[in-house]
Amino acid sequence: MAPKNEPETDTDADGGGQSGGVQSVERALTVLEILAREGHAGVSEIAEEMGIHKSTVSRLMGSLVTREMVHQNSERGKYQLGFGILRLASSIPGRLSLVREARPVLESLAEQFKETVNLAVLRSNYAVNVDQAMGPSTLATYDWVGSLTPLHATSSGKVLLAALEADERERILKETGLSARTSRTITSRKELDAQLLDVAAKGYAVVREEFEIGLNAVAVPVYNHQGTVIGSVSISGPAFRFDPEKIPGLLETLKDAGLKVSANMGYTHR
């Protein structure tokens, strides 16, 4: 971001009459949105998507790294969201409270079932993971915190979708579409609607390799004091060993965990 009182001098400015400062802020926010959506990206990829020079992106990244908004990993120099984002998110009382109250439950689930456990909430038409606990059997160490995942292809997303009013669900799905993440992703609206009814009736959602080949997951809702779904708790693991509906006691334990977090948020089961 340009220093105070120093005008932006990019030759690829959009010419819309914006001040350099405002344009830099909008570009920085766009960079953060791209990283939130993709997980990680390089300067060339970001520049191409935004339609600006790589040198401009490099300057933006320098400022964002300084503020710890993004972090450059060692893998081909790509960038991902940094801890500064979590500091900002933690200032939101509701989300902070949910993470705090859910944390011991996530850790307990991860220890019991030896897999990855995530806490997700609805944000900008996506499920965003706000906390994660890793089980000792986890094969990979990918950090999903801050990642935006599609609602129609993930267990957490389906739980959140199933809880929405019909008109809000319709709006979101029209805006996002039903793109195929894998060959197993549900892309039929009729099939998805039927599955969401099943999710609401059963109280949990299962996906088998719909978001990523080789990855299965199951999620349950988390309620607030008004009985509104405010998040979801999910367990995911490799498809070769993790089939939620075949692991004794998993669904019952996960449902109880969701209700425990909900009770911590003031929910009374009626």
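Predicted model: local features only at pLDDT ≥ 70, side-chain atom pairs only at ≥ 80, totals over all residues.
Local features need pLDDT of at least 70 and side-chain atom pairs count only at pLDDT 80 or more, while totals for chains, interfaces and linings use all residues. Residues are numbered from 1 along each chain as its sequence is written, and side-chain values use heavy atoms, with hydrogens and water left out.

**View 1. Helix H2 packs against helix H3.** Here H2 (residues 43-50) and H3 (residues 54-66) meet at an angle of about 115°, and their axes lie 9 Å apart. Helices are DSSP runs of H or I of at least four residues and strands are E runs of at least two, numbered from the N terminus. Axes are lines fitted to C-alpha atoms, for helices over the stretch in contact, and angles run from 0 to 180 degrees between N-to-C directions. Look for Val43, Ser44, Ile46 and Ala47 of H2, which meet Lys54, Val57, Ser58 and Met61 of H3 (contact means heavy atoms within 4.5 Å).

**View 2. Six strands form an open sheet.** Follow the 6 strands in the order E5-E4-E3-E8-E7-E6, paired antiparallel (two strands pair if DSSP finds at least two bridges between them). Strands E5 (148-150) and E6 (205-208) are at the edges with a single partner strand each, so one side of each has no neighbour in the sheet. From one strand to the next, the twist averages 35°.

**View 3. Strand E3 pairs with strand E8, and helix H9 packs on the sheet.** Antiparallel strands E3 (residues 116-123) and E8 (residues 229-238) are joined by 5 bridges. Val117 sits opposite Ile235 in E8. Helix H9 (residues 250-264) touches E7 (215-223) and E8, and its direction makes about 35° with that of E7.
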